[in-house]
Amino acid sequence: MVRLTINSKTVEVPEGTSVWQAAKSAEIDVPTMCYTEEAEHFTSCMVCLVKDVASGRLFASCSTPVFEGQEVITNDQETEESRVAALELLLSEHVGDCEAPCQLVCPAHMNIPLMNRLIARGDFAKALEVVKRDIAIPAILGRICPAPCEAGCRRKQVDEAVAICHLKRYSADADVGNATQFLPELALPSGKKVAIIGSGPAGLSAAWYLQLKGHQVTIFEKNDLAGGELLNIGNEFLPREVLDQEISVILSAGAKISLNQTIDESGFSKLLDEFDAIIVAIGTIKEGMPIFGLEKGSQGITVQKNSYLTSQPKVFAIGNALRNSKMAVRSAGQGKEVATIIDNFLKTAVVLPYQERFSSKFGRLSEFEFEHYLKDSETAPRQHAGVEGFSMEAAMTEAKRCMHCDCRNPESCVLRKLSDDFKISQRRFSTEERKPVEKLIHRQGVVYESNKCIKCGICVRLTRQYKEEFGFTFVGRGFDVKVGVSFNEGIEKGLAKTAAIVAKACPTGALARFDEEEQI
Ligand code: SF4
Ligand code: SF4
Ligand code: SF4
Ligand code: FES
């Protein structure tokens, strides 16, 4: 056995063990990207650098064996800086969108391409599940949203934007209209209570997500009907039964509602005594309206950036109470975000701002790149929805027009995760200076996008290990080296046996499952 110290902790491991494995055995986390236990190792990414205390040298922990008496540091400023430099180098060549442009501009940040793929294959229940992760009131918003996501849709550069809003409505209507209303699994009751003042889109959305997280919500509504500013919308745009049905779905998660209940200053003090957190979602602030002693600016109640915390502890404010907006989806998005913040606050007593994740973006597509994006899309024109919305056939055709601009591996991509952990920002490329984007699609297996590849060679070694007839190989030399199928064969031949294996092992979204079962 060999004895060494890592971050001053004594570790004993068998001879021949790598420093990275020794750290792992002591539960010390050192990131890796190019290392996998499933294949022979080839050092390339350099995110696993650690420091030898005696010499002050940095070395790759994944491929360096331990020695007796060695002292290693894995987490000082220099090692952290070296990881940042390694990641920045990988990102300097990386061309990919973690999220589609439509999702980035949606105020609720809905996973639009995933919804489209599910509708396209007729899996409407799963499509609704995906929608409801971000939008609590899709049947309502599917009728009244001005669809800022469609303004960001890339398909507009080919013909017309994908009818995202109608597709969301279609997935919701299939549920609202039937008895098996969608209700995901609820967390165990936390014993915490949250009061929400106001039952407009912001208050309803916050109620849904808090209730799912196990907190008991009570909504206080001054009118005799729930809906807030949604009640001002004409029946021809938002039929009352749609509003009522969607509110009843939200209440089915266990939220209570108290109608005809105006909260004045003294009522507010009582809520402060009785509840663990309060959300003020009272809509546009008008002259003379009680705002419970909270600080106010020219637009509405003042809150801390990204946390919605007002000038009073445990009191949060969302929706038009902050700033008048015609977009109910903005309020709905804030309802979801504040629920995450309050959930954390109720568990830890800390108010942490809502975190934006690292998101690689490359901007506009060139003519050549559209051909690659359209390979995965129908040429049909935009489908038109009648008063009743889309028929099933029209919804499926419309969903197939989507070009799937997102990355197929955004949740398990290690490059994204580490870039997020180390707060890296990627500079934007212009179309002229970056490498062109291409997609190779193996419909029963994977999507391969070489511009996201970090050339770790894991796929090359795995296809060799599994004895693929063609497999993946390094093509070209120097800076222009790429990973591709041997003898220029098609991807179906290259990954005949190993598509699922290499997609799982790839540390980025360069090789990702085409059917993405695992993400859903
Ligand atoms: S490979 Fe990773 S970093 Fe790149 S676009 Fe996909 S998720 Fe984002
Ligand atoms: S084509 Fe699809 S993924 Fe791309 S922006 Fe439009 S809806 Fe989003
Ligand atoms: S495609 Fe292959 S070489 Fe490129 S990142 Fe994925 S596993 Fe590594
Ligand atoms: S994990 Fe060590 S060099 Fe990549």
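Trainee: What should I know before I start?
Mentor: It's a predicted model, where local features need pLDDT of at least 70, side-chain atom pairs count only at pLDDT 80 or more, and totals for chains, interfaces and linings use all residues. Residues are numbered from 1 along each chain as its sequence is written, while chains are lettered from A and ligands numbered from 1 in the order in which they are written.

Trainee: OK, at what angle do the axes of α4 and α14 cross?
Mentor: Roughly 135°, with the axes of α4 (residues 112-120) and α14 (residues 392-400) coming within 8 Å. That makes the pair oblique, the class left over once angles under 35 degrees (roughly parallel), over 145 (roughly antiparallel) and 65 to 115 (roughly perpendicular) are taken out.

Trainee: And which residues in α4 meet α14?
Mentor: N116, I119 and A120, and they meet A395, M396, A399 and K400 in α14; contact means C-beta atoms, placed from the backbone, within 7 Å.

Trainee: Switching topic: which residues come nearest to ligand 1?
Mentor: G96, C98, C407, C413 and G509, out of 14 around ligand 1. Being near means a C-beta atom, placed from the backbone, within 6 Å.

Trainee: How many residues surround ligand 3?
Mentor: 13, with C453, C456, C459, C506 and A510 the closest.

Trainee: Last one, where are the domains?
Mentor: The domain assignment, automatic or from a database, gives domain 1 (2-92), domain 2 (101-180 + 364-400), domain 3 (193-348) and domain 4 (416-519). The centres of domain 1 and domain 2, taken over C-alpha atoms, are 45 Å apart.

Conventions: Axes are lines fitted to C-alpha atoms, for helices over the stretch in contact, and angles run from 0 to 180 degrees between N-to-C directions. Helices (H or I, at least four residues) and strands (E, at least two) are DSSP runs, numbered from the N terminus. Two residues are in contact if their C-beta atoms, placed from the backbone, lie within 7 Å.
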